[in-house]
Amino acid sequence: MSIELVDTEDDCPLNDLLDEGFGDDGPTLMTLGKAVQCWSITNLNARVRELGWKAATGPTLGEAALAFALPIKRIKAAVENHYWMFLTGDGPDADLVIEHEGE
């Protein structure tokens with residue numbers, strides 16, 4: 001019996017949340033979360049330089065899914081599992097903005 005912490009279509013097991021590296025379905029949630037964190041901060045920094053810090057918003061789940069060539073549900077699970085990231089916004093999952101606490 002495995003403990004499920006994240007409700008995803010893939011029914012990812014607990015070890016997918018805790019292990020780093022890659023499994024049968026690609027990067028584990030821990031590894032993917034770290035990759036999305038780095039990618040989204042870099043992406044936000046580029047937007048701040050272009051638009052200014054008041055106008056810039058973080059990237060969306062849809063943009064991250066395109067960048068990583070993974071399903072939106074997998075990116076969402078990685079963001080929600082990550083300690084410093086959270087999602088904001090209303091509407092479809094693809095439009096939710098990836099935010100960072102304390103970074």
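**View 1. The surroundings of Ser40.** Leaving aside residues up to four places away in sequence, Ser40 touches Pro59, Met85, Ile98 and His100, where contact means heavy atoms within 4.5 Å. This is a predicted model, in which local features need pLDDT of at least 70 and side-chain atom pairs count only at pLDDT 80 or more, while totals for chains, interfaces and linings use all residues. Residues are numbered from 1 along each chain as its sequence is written, and side-chain values use heavy atoms, with hydrogens and water left out. Ser40 has its place in helix α2; helices (H or I, at least four residues) and strands (E, at least two) are DSSP runs, numbered from the N terminus. Ser40 counts as buried because its relative accessibility is 1%; buried means under 20% relative accessible area, exposed over 50% and partly exposed in between, with a 1.4 Å probe and protein chains only.

**View 2. Ile98 and its contacts.** Ile98, one of the residues touched by Ser40, lies in strand β4 and is buried, with a relative accessible area of 1%. Again not counting residues up to four places away in sequence, Ile98 touches Val36, Ser40, Gly58, Pro59, Thr60, Leu61, Ala64, Val79, Met85, Phe86 and Leu87. Ile98 and Val79 are 19 residues apart along the chain, and their C-alpha atoms are separated by 7.6 Å.

**View 3. The buried face of helix α3.** In helix α3, which covers residues 61-68, the buried residues are Leu61, Gly62, Ala64 and Ala65. Seen down the axis of α3, these buried residues fall within an arc of 160 degrees, so they line one face of the helix; the arc is that of the directions from the helix axis to the C-beta atoms. The buried residues of α3 pack against α2 (29-51), α4 (72-81), β3 (85-88) and β4 (97-100). Just after α3, Ala69 takes a positive phi of about 55 degrees.

**View 4. The packing of α2 with α3.** The angle between α2 and α3 is about 115 degrees, and their axes are 11 Å apart; axes are lines fitted to C-alpha atoms, for helices over the stretch in contact, and angles run from 0 to 180 degrees between N-to-C directions. The two helices α2 and α3 are therefore roughly perpendicular to each other, given that angles under 35 degrees count as roughly parallel, over 145 as roughly antiparallel, 65 to 115 as roughly perpendicular and the rest as oblique. On the α2 side the contact is made by Leu32, Ala35, Val36, Trp39 and Arg47, and on the α3 side by Glu63, Ala64, Ala67 and Phe68. These contact residues divide into seven nonpolar, no polar and two charged, where Ala, Val, Leu, Ile, Met, Phe, Trp, Tyr, Cys and Pro count as nonpolar, Asp, Glu, Lys and Arg as charged, and the others, Gly among them, as polar.

**View 5. The packing of α2 with α4.** Helices α2 and α4 pack at an angle of about 85 degrees, with their axes 8 Å apart, and they are therefore roughly perpendicular to each other. Leu29, Met30, Leu32, Gly33 and Val36 in α2 meet Arg74, Ile75, Ala77, Ala78, Val79 and Asn81 in α4. By class, the contact of α2 with α4 has eight nonpolar, two polar and one charged residues.

**View 6. The whole chain, for orientation.** The secondary structure of the chain comes to four helices and four strands, which follow the pattern α-β-β-α-α-α-β-β along the sequence. Of the 103 residues of the chain, 32% count as buried.
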